[in-house]
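Subject: Structure handover

Hello,

Here is the structure I promised to pass on. Please open it alongside this note.

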Amino acid sequence: AVVSTQSGHYGRDQNEFLGCTDRLVITPLTDRCYISIAQALHMSLGAAPAGPAGTGKTESTKDMGRCLGKFVVVFNCSDQMDFRGLGRIYKGLAQSGCWGCFDEFNRVELPVLSVAAQQIAVVLSCKKERKKAF
């Protein structure tokens, strides 16, 4: 097993071979993004990169996951998503240990976002408490 450290966060590699893919160019912005995500992981939290369209938020998240040996699943959100579908996505991500990247999450309707926030809070609190089942 490979153990990686970044900004105080110790993570175990999931041994996920993702191929010989191109890497992002490391700029001060991507470096700050990586440090912020690593600190959030250390505190058992999620990350929500924000900024203008086309600035590389999704690609930075995917590259960070690739560096840690995590498979990153990208979901393109729409106003057609409901809380049951999002719950199934969270359940699958929690069971597999993969990262989920929700692109255009702001398109999800407000009532669905409210339930989604509760679902995410449950997953993250159980992760923080290191529960085996929830």
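Below is what I found, from the overall layout down to single residues.

**Overall layout**

Keep in mind that this is a predicted model. The protein has 4 helices and 4 strands. Along the sequence, they run in the order β-β-α-α-β-α-β-α. Of the 134 residues in the protein, 25% are buried.

**H3 against H4**

Helix H3 covers residues 83-96, and helix H4 covers residues 110-128. Their axes lie 9 Å apart, at an angle of about 20°. Angles under 35 degrees count as roughly parallel, so H3 and H4 are roughly parallel to each other. Their crossing is right-handed.

Which residues make the contact? H3 brings Phe-83, Leu-86, Gly-87 and Tyr-90. H4 brings Val-112, Val-115, Ala-116, Gln-119, Ile-120 and Val-123. By class, this contact has 8 nonpolar and 2 polar residues, and no charged ones.

Look at Gly-87 while you are there. Gly-87 sits in helix H3 and is part of the contact with H4. Is Gly-87 buried or partly exposed? At a relative accessible area of 22%, Gly-87 is partly exposed; the buried class stops under 20%. Across the pair, Gly-87 and Ile-120 are 8.8 Å apart, C-alpha to C-alpha. In sequence, Gly-87 and Ile-120 are 33 residues apart.

**H1 against H2**

Now the other pair. Helix H1 spans residues 28-42, and helix H2 spans residues 57-67. The axes come within 10 Å and cross at roughly 60°. H1 and H2 are therefore oblique to each other. This crossing, of H1 and H2, is right-handed.

On the H1 side, the contact residues are Thr-30, Cys-33, Tyr-34, Ile-37 and Ala-38. On the H2 side, they are Ser-60, Thr-61, Asp-63 and Met-64. The contact of H1 with H2 divides into 5 nonpolar, 3 polar and 1 charged residue.

Which residues of H2 are buried? The list is Thr-58, Ser-60, Thr-61, Asp-63, Met-64 and Gly-65. Just after H2, Gly-69 takes a positive phi of about 75°.

**Salt bridges**

Next, the charged pairs. Side chains of opposite charge can pair when their charged atoms come close. The count comes to 4 salt bridges. Three are worth a look.

- Asp-63 with Arg-66: the N to O distance is 3.3 Å. Both residues lie in helix H2, 3 residues apart, about one turn of the helix. Asp-63 is buried, with a relative accessible area of 1%. Arg-66 is partly exposed, at 25% relative accessibility. Asp-63 also takes part in the contact of H2 with H1.
- Arg-107 with Glu-104: the side chains meet at 3.7 Å, N to O. Glu-104 counts as partly exposed, at 37% relative accessibility.
- Lys-131 with Glu-129: the N to O distance is 3.4 Å. Lys-131 is partly exposed, at 45% relative accessibility. Glu-129 has a relative accessible area of 51%. The exposed class begins over 50%, so Glu-129 counts as exposed.

**Backbone points to check**

Where does a residue other than glycine take a positive phi? Arg-130 is one case, with phi near 55°. Arg-130 lies in the segment after H4. At 73% relative accessibility, Arg-130 counts as exposed.

Glu-104 is another residue that is not a glycine and has a positive phi, of about 55°. Glu-104 lies in the loop between strand E4 (99-103) and H4.

**In short**

Here are the points to keep. H3 and H4 pack roughly parallel, through a contact without charged residues. H1 and H2 are oblique, and their contact includes 1 charged residue. Asp-63 is buried and forms a salt bridge with Arg-66.

Best wishes

Notes:
Residues are numbered from 1 along each chain as its sequence is written. This is a predicted model: local features need pLDDT of at least 70, side-chain atom pairs count only at pLDDT 80 or more; totals for chains, interfaces and linings use all residues. Side-chain values use heavy atoms; hydrogens and water are left out. Axes are lines fitted to C-alpha atoms, for helices over the stretch in contact, and angles run from 0 to 180 degrees between N-to-C directions. Helices (H or I, at least four residues) and strands (E, at least two) are DSSP runs, numbered from the N terminus. Angles under 35 degrees count as roughly parallel, over 145 as roughly antiparallel, 65 to 115 as roughly perpendicular and the rest as oblique. A crossing is left-handed if the near helix is turned anticlockwise from the far one by less than a right angle, and right-handed if clockwise. Contact means heavy atoms within 4.5 Å. Ala, Val, Leu, Ile, Met, Phe, Trp, Tyr, Cys and Pro count as nonpolar, Asp, Glu, Lys and Arg as charged, and the others, Gly among them, as polar. Buried means under 20% relative accessible area, exposed over 50%, partly exposed in between (1.4 Å probe, protein chains only).
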